[in-house]
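Subject: Structure handover

Hello,

Here is the structure for you to look through. My notes follow below.

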Amino acid sequence: MSDPVKYLLDEQQIPRFWYNINADLPEPLDPVLHPGTKAPITPEELGVIFPRAVIEQEVSTEREIEIPEPVRDVLRQWRPSPLFRARRLEKALNTPAKIFYKYEGVSPPGSHKANTAIAQAFYNKAEGVKRITTETGAGQWGSSLAMAGSMFGLEILVYMVKVSYNQKPYRRAFMESFGANCIASPSDTTESGRAILAEHPDSTGSLGIAISEAVELAAQRDDTKYALGSVLNHVLLHQTVIGLEAQKQLEMADAYPDMVIGCTGGGSNFAGIAFPFLGNQLRGGREVELVAVEPSACPTLTKGLFAYDFGDTAHLTPLCKMHTLGSTFVPPGFHAGGLRYHGMAPQISHLAKLGYISPRSYNQLECFAAGVQFAKAEGIIPAPEATHAVRAAIHEADKCRESGDPKTILFNLSGHGNFDMQAYTDYLGGKLKDLDYAENEVAMALAGLPSVG
């Protein structure tokens with residue numbers, strides 16, 4: 001009993017500031033462009049869909065941005081989240097590696113998404129917003145914003161990607177329990193949704209399509225704003241509480257990671273755990289290998305182009321320079337719905353281009369196998385998205401066993417799989433299969449990338 005399994009901080013140690021990696025980038029990000037004029041977008045133009053406080057965070061280059069006390073007060077419900085030493089998994093793998101994981105499944109919605117949902121709800125409420133529209137894939141983000149909306153007295157409208165809407169009914173029930181309205185996307189409630197259904201009546205949907213529907217409605221009413229659960233700078237900023245806490249907890253363990261791992265769809269949970277460590281490195285601290293893991297069926301970082309693209313299918317959103325598979329690409333309906341996005345966060349894309357991030361991809365079946373292996377050792381069933389990080393951590397620990405190298409591995413267990421048991425039922429019943437994206441569809445989507453001078 002002398003070897004700790006978990007490292008806990010008290011409520012007073014919740015970070016008081018978010019860490020903004022824009023302050024330490026060796027090269028600045030490319031500007032965000034207006035979807036019509038292709039000129040750099042102004043704060044006033046972004047104000048149609050975002051509150052001003054969020055816009056200021058989006059463009060800020062200050063290293064530390066203060067977390068408002070009302071936000072920290074809500075975060076106390078589950079933060080600081082625990083850091084675990086995966087001793088039972090290490091033993092099962094017979095590896096000399098030290099494996100640590102930061103567990104974000106302790107939040108009420110069961111994932112890291114609540115960290116930014118509370119912040120965004122707070123800023124919208126402070127500016128007099130009455131309603132927020134958003135999209136969600138697997139439902140973790142929609143669940144988090146539904147909870148945050150109920151806490152701040154906001155109406156929440158969620159467009160849920162249709163394949164996930166059908167796969168995950170309990171996520172829908174969770175959102176509706178907090179008073180949110182959840183609609184399968186593409187829907188007949190928006191022009192962009194109706195256009196997709198007219199061309200593809202059986203469309204399974206995509207995050208890009210759901211974003212189009214949510215943004216379209218947000219732009220129609222002055223009392224309504226749009227909120228995004230990943231990709232944008234301010235969202236990644238809010239998630240850095242994860243890595244900042246992990247740094248303190250690893251000090252308690254007298255350890256420092258050689259490698260930090262996270263799954264990537266839009267990039268928020270990966271950035272949350274990785275950016276504080278990368279920032280330390282960029283300021284002259286220890287080097288850390290950062291591994292971003294994505295599904296082979298939606299390989300944005302590993303196969304996509306680094307180019308300007310729209311964040312949505314209907315081309316209503318600003319243009320961002322990012323790794324992309326093309327905004328019209330609809331990924332196959334694999335179970336990690338939170339990773340079915342055609343683009344990657346501009347900050348992560350930029351850092352990958354500069355060589356600070358190592359992307360890799362895995363197939364669905366090997367990730368579920370890793371999730372089951374992890375659960376049997378550690379007692380936590382990971383969300384399908386998080387199994388990608390688990391798969392990479394196990395892969396690296398196996399390499400350490402073969403080489404004898406006692407590396408320290410840190411990964412973000414970004415959420416639990418308690419709402420995803422149908423996916424595990426299908427996996428254990430042999431009903432799941434690895435899904436391939438259609439290369440011709442990606443080629444067509446990339447051929448339609450906007451022309452930017």
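Start in strand 14, where Arg360 is the bridge partner of Val293. Strands here are DSSP runs of E with at least two residues, helices are runs of H or I with at least four, and both are numbered from the N terminus. This is a predicted model: local features need pLDDT of at least 70, side-chain atom pairs count only at pLDDT 80 or more, and totals for chains, interfaces and linings use all residues. Residues are numbered from 1 along each chain as its sequence is written, and side-chain values use heavy atoms, leaving out hydrogens and water.

Strand 14 (residues 358-362) pairs with strand 11 in the parallel sense, over 5 bridges. Pairing takes at least two DSSP bridges between two strands. Strand 10 (residues 259-263) also pairs with strand 11 in the parallel sense, over 5 bridges. There, Met259 stands opposite Glu289.

Is strand 11 enclosed or open? In strand 11 (residues 289-295), 6 of the 7 residues are buried, so the rest of the structure largely encloses it. Buried means under 20% relative accessible area, exposed over 50%, partly exposed in between (1.4 Å probe, protein chains only).

Now go to Lys113. It sits in the loop between strand 5 (98-103) and helix 5 (114-126). Lys113 is buried, at 12% relative accessible area. Its contacts (heavy atoms within 4.5 Å) include Gln140, Trp141 and Ser268, leaving aside residues up to four places away in sequence. An unreviewed UniProt entry lists Lys113 as "modified residue: N6-(pyridoxal phosphate)lysine". Such annotations may be inferred rather than shown by experiment.

Best wishes
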